[in-house]
Amino acid sequence: MGVFVFLPLILPLTAWPVARLAEQHLHPRAATRLLSAVAAVLAVCSTLCLALLMVVGTAQLPGNPLPDGWSDPEVREALPYDEVAGTAAIPALFAVLLSCGRATWRHGRVRRRAAQALAGGGVPASAGGGVAVLPDRTPYAYALPGSRRARRAGRIVVTAGMLAGLDSAERSALLAHERAHLTGRHHRFLLAVQLAARANPFLRPLRTAVSYTAERWADEEAAAAVGSRRAVARAIGKAALISHAAPVPVSASALAGFAVAGPVPRRVAALLAPAPAAGSWPPVRTAVGLAAWGAAAGAAVSALSSANSAVTLFLVLRAATPL
Amino acid sequence: MAQERAGGSGREASAQTRRRGQGELESLVLAALRQAPGPVNAGWVRERLGEGLAYTTVVTILTRLHAKGAVERERAGRSFAWTPVADEAGLAALRMRKVLDAEADREAVLARFVTGLGPGDERLLRDLLRQASDEPPGPGGEAD
């Protein structure tokens, strides 16, 4: 196995160009699904790899609770045995698990608290249900996903300040956009890439890419629902301008540092351009096709490599365990 | 002694508060306050509620509402007279802002309709918007 056991930790680097190309050239729905799946697979493989290294690393430590057979010279012979990597994997895996656990817990808490904030009653719900209009002059809008366990339906939360800044076509566009988030369960993709980015920092570009493509996906659905790409574009543009008084989030300013337009102008520009083709996978010969297939191949190789390492390790450790 | 009793039932009531959720009690108190003919004291609110809540509990809830900007108070003798500022929907809006403000400093959980604009984005966006509203719809334009 040798150095191949480290492959799943490094392969997420392939995600950088892939994220960029998929975001620009694939239909947002396909891009969101592809990039989330790639991120999830690579993250699981990377974590598995870390766990294997940890088992080997821990077996070297004196006074560990593992069977003595696991630190036999034969085992060390058979496994990629590297003192530094093995020992470093212990805190790394611990950090990954802690970070993912915290992110999941925080995700649940924010959703629960937001639902509780609406639960007091007295929030006027517009026709059609599921839309909570809050009497707040600060303009904002978002989709609050429902929860099957807590028997909560998904709701659209929008402030009076936001609605006041839009005309009726733009309001429909905004609601259609948020409804698309809810029906498409987009928060699952977003959570998946957030956890992946915590499992392996090399996967962070995928998180940024998916949070953009998920918005684009909802924009396209909204454009189809209200029958006007331009109305959706205007709604996004106006909403961003009236919200502009709010401080700029770090991610947006980081993007601007590369002299690239932020996500909002790119979304508006994409809506003013013709609708993207919702076709199947691009052919291999084009740059996009190459990137898409490269991502699939990278994920597959990573998964195989992890599985191979896991099976080998399992067999070796079973052989070394005194029964 | 009276104070002791009030304190004891206050603890009971606060246990009850936790069971029922703070939001619900705040809504009840606010609803009572809005039926008041004018500024009223906590005792009036407590009687109006008729829920067997301790005086201290009512004051605690009123103080919390005051901290949220949902009620105003003015000194009236040795206690306060309270008037509502926000209604229940306004209170929900305040609670939501609190959730979002606590969330804003880290990774976003809730996908907002628009994210912030970077430097240069605003000008670019205004150009695009002009394009979006000026451009006459071409043949079959709007529905494309």
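The expected span of a helix is 1.5 Å times one less than its number of residues. Helices (H or I, at least four residues) and strands (E, at least two) are DSSP runs, numbered from the N terminus. The model is a predicted one, in which local features need pLDDT of at least 70 and side-chain atom pairs count only at pLDDT 80 or more, while totals for chains, interfaces and linings use all residues. Residues are numbered from 1 along each chain as its sequence is written, and chains are lettered from A and ligands numbered from 1 in the order in which they are written.

Helix 8 of chain A is mostly covered, with 11 of its 14 residues buried. A residue is buried if 20 or more other C-beta atoms lie within 10 Å of its own, exposed if 12 or fewer, and partly exposed in between, with C-beta atoms placed from the backbone. The buried residues of helix 8 include H186(A), H187(A), F189(A) and L190(A); the run from V193(A) through Q194(A), L195(A), A196(A), A197(A) and R198(A) to A199(A) is buried too.

Two further helices of chain A can be read in the same manner. For the 23 residues of helix 9 (204–226), 1.5 Å a residue should give a span of 33 Å, and the end C-alpha atoms are 34 Å apart, which agrees. Helix 9 of chain A is mostly covered, 19 of its 23 residues being buried. Just after helix 9, G227(A) takes a positive phi of about 70 degrees. Helix 10 (229–242) of chain A has 14 residues that should span 20 Å at 1.5 Å a residue, and its end C-alpha atoms are 20 Å apart, in agreement. In helix 10 of chain A, 12 of the 14 residues are buried, among them R229(A), R230(A), R234(A) and K238(A).

Chain A as a whole has 13 helices and 3 strands. Of its 323 residues, 45% count as buried. Two residues are in contact if their C-beta atoms, placed from the backbone, lie within 7 Å. Among the contacts in chain A with a separation of 6 or more, 77% are between residues 24 or more positions apart.

The strands of chain A come next. Strand 3 (residues 155–159) has 5 of its 5 residues buried. In a regular strand the side chains alternate between the two faces of the sheet. In strand 3 of chain A, R155(A), V157(A) and T159(A) are on one side and I156(A) and V158(A) on the other, and all are buried. Strand 1 (residues 131–134) pairs with strand 3 in the parallel sense over 4 bridges, and V133(A) has V158(A) as its bridge partner. Strand 2 (residues 141–144) pairs with strand 3 in the antiparallel sense, also over 4 bridges, with Y142(A) opposite V157(A). Two strands pair if DSSP finds at least two bridges between them.

A nonpolar core is a set of buried Ala, Val, Leu, Ile, Met, Phe, Trp, Tyr and Cys residues joined through C-beta atoms within 7 Å. The largest such core has 117 residues, of which A22(A), L42(A) and L206(A) touch the most other members. Helix 3 (residues 28–60) of chain A gives the most to this core, with 16 residues. Beyond four places in sequence, the contacts of A22(A) are A31(A), L34(A), L35(A), A209(A), A291(A) and A292(A).

Chain B has 144 residues, of which 34% are buried. Its secondary structure comes to 6 helices and 2 strands, in the order α-α-α-α-β-β-α-α from the N terminus. Among its contacts between residues at least 6 apart in sequence, 53% join residues at least 24 apart.

Where the chains meet, 65 residues of chain A are in contact with 40 residues of chain B. The largest share of the chain A side, 10 residues, comes from helix 5 of chain A. By class, that side has 39 nonpolar, 17 polar and 9 charged residues. Ala, Val, Leu, Ile, Met, Phe, Trp, Tyr, Cys and Pro count as nonpolar, Asp, Glu, Lys and Arg as charged, and the others, Gly among them, as polar.

The predictor gives the complex an ipTM of 0.72 and a pTM of 0.75. Over residues 1–18 of chain B, pLDDT stays under 50. Residues 138–144 of chain B also stay under 50. Where pLDDT is low, the predicted coordinates should not be read in detail.

Methods
pLDDT is the predictor's confidence in each residue, from 0 to 100.
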